[in-house]
Amino acid sequence: MKKTVYEPNAAVSRKSYVKSFQQYKDLYQKSIDDPARFWSEIASQFHWEVPYDVNKFHSYNFDLNKGPISIKWMEGAKTNVCYNLLDRNIKNGMGDKIAYFW
């Protein structure tokens, strides 16, 4: 089965957070190689009421011999989703811009 790749318009790519497929692949590999560092860099772009601890960014257990299966991310950290989505953008002068296009 042939796979077809549809590249986005160049003007759209220039304005995007991830500008190319190669950049996407690089980010993906970084997320696999060092997930705590990768997600910590993403999380640093947001407002935190109670900051996350970089040294305790995530913990997990996938071995039933060591106890219950568990995955924890940024335990103890707290954010305000409304502030991150709306209030900080208004504060940064974007209150009169459309926030989301459907």
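In which loop does Ile69 lie? Ile69 is placed in the loop between strand 1 (58-61) and strand 2 (70-73), where helices (H or I, at least four residues) and strands (E, at least two) are DSSP runs numbered from the N terminus. The model is predicted, so local features need pLDDT of at least 70 and side-chain atom pairs count only at pLDDT 80 or more, while totals for chains, interfaces and linings use all residues. Residues are numbered from 1 along each chain as its sequence is written, and side-chain values use heavy atoms, with hydrogens and water left out.

Ile69 counts as partly exposed because its relative accessibility is 49%; buried means under 20% relative accessible area, exposed over 50%, and partly exposed in between (1.4 Å probe, protein chains only). Together with Trp39, Tyr60, Phe62, Leu64, Ile71 and Trp73, Ile69 makes a nonpolar surface patch of about 830 Å². Such a patch consists of residues with over 30% relative accessible area and no salt bridge, nonpolar side chains (Val, Leu, Ile, Met, Phe, Trp, Tyr) being joined within 5 Å and like charges within 9 Å. The areas come from the Shrake-Rupley method with a 1.4 Å probe, and for residues only the protein chains shown count as cover.

Side chains of opposite charge can pair when their charged atoms come close. A salt bridge is defined as a side-chain nitrogen of Lys or Arg within 4 Å of a carboxyl oxygen of Asp or Glu, and by this rule there are three. One of them joins Lys30 to Glu41, with the closest N and O atoms 2.7 Å apart. This pair links distant parts of the chain, Lys30 in helix 2 (residues 21-33) and Glu41 in helix 3 (residues 35-43), 11 residues apart. Glu41 also meets Arg37 in a salt bridge (3.3 Å, N to O); because these two are four residues apart in helix 3, about one helical turn separates them. Glu41 is partly exposed, with a relative accessible area of 33%, and Arg37 counts as partly exposed at 48% relative accessibility. The side chains of Lys72 and Glu75 form another salt bridge (3.8 Å, N to O). Salt bridges that share partners join Lys30, Arg37 and Glu41 into one network.

Lys91 belongs to helix 4 (residues 81-94). Since its relative accessibility is 65%, Lys91 counts as exposed. Lys91 and His47 are 44 residues apart in sequence and 12 Å apart in space, C-alpha to C-alpha.
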